[in-house]
Amino acid sequence: MYSVIIVDDEPRIRRGISHCMPWERLGFSLAGEAGNGVEALELVRVVHPDLVITDIRMPDMDGLDFIGMIQKETHPPLVIVISGYADFEYAQRAIRYGVADYILKPVEEPTLETSIQNVLKRLHSKQPVQSANRNITEDASLPQKNLLIQKAQR
C-alpha cells in the first residue's frame, strides 16, 4: 500500500479530502496532514509519502516552493496540486516541477479519484524499475566493496 499526505491551509478542505476518498480501495493509506509548506516538508521527511496532494497558496511556505524542496529529496513523492487559482504562471511552474496533476478548486471527488488512480498507475510502473535499478547499483558496487575489503585486509 502506498502512502499519501494532504497539505492545505484550510482545515475544511484537508478534512474533506481526507474523509471523502476511499483511500484503501485506491491503494493508499493516509499518512498525515499539514497546514502549510513548512509543516509539510517536515512531514515528508519523516513519513516519506508516495503521493502529496497540496494547495498552492499557503502561509509560511507556498505549495510551489514546497514542491521545489521535496523534489530535492532522495525519493521525491508524486504530487497532485489543488488550487483555487487558474493562474497560468502557477500551472507552468507546477509543470516544470513535474507534478502529476493540477486540479482547480472546488475539487470534485470523481476528478480527484481519477487523478489518484493515474498516480497509482505511475507508482506501479515505477516500482519494478526502482527495484531493478537498486539491485543493479548494489551488484555493480560489490566489486568495489570487495576491493576495499581486500585492501583493508592487506
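Helices here are DSSP runs of at least four residues, numbered from the N terminus. The model is predicted.

## Glu113 in helix H5

One such run is helix H5, which spans residues 109-153 and contains Glu113. Glu113 counts as buried because its relative accessibility is 18%, and the cut-off for buried is under 20%.

Leaving aside residues up to four places away in sequence, Glu113 touches Met21, Pro22, Arg25 and Leu26. With Arg25 there is also a polar contact, made between the two side chains at 2.6 Å.

## The sheet

Strands of a sheet pair through backbone hydrogen bonds, in either a parallel or an antiparallel arrangement. In this model, five strands make up an open sheet with parallel pairing, and their order is E2-E1-E3-E4-E5. Strand E2 (28-34) and strand E5 (101-104) are the edge strands, each pairing on one side only. On average, neighbouring strands of the sheet are turned by 20 degrees against each other, direction ignored.

Within the sheet, strand E3 (residues 51-55) is joined to strand E4 (residues 78-83) by five bridges in the parallel sense. Val52 has Val79 of E4 standing opposite.

## Helix H2 across the strands

Helix H2 covers residues 37-47 and lies across E2, E3 and strand E1 (2-7). The angle at which helix H2 runs to E2 is about 145 degrees.

Terms used:
Residues numbered from 1 in each chain as written. Predicted model: local features only at pLDDT ≥ 70, side-chain atom pairs only at ≥ 80, totals over all residues. Heavy atoms only, no water. Pairing = 2+ DSSP bridges. Helix = DSSP H or I, 4+ residues; strand = E, 2+ residues; numbered from the N terminus. Axes fitted to C-alpha atoms, helices over the stretch in contact; angles between N-to-C directions. Contact = heavy atoms within 4.5 Å. Buried < 20%, exposed > 50% of the residue type's maximum accessible area, 1.4 Å probe, protein only. Polar contact = N/O pair within 3.5 Å; in protein donor to acceptor, adjacent residues only side chain to side chain.
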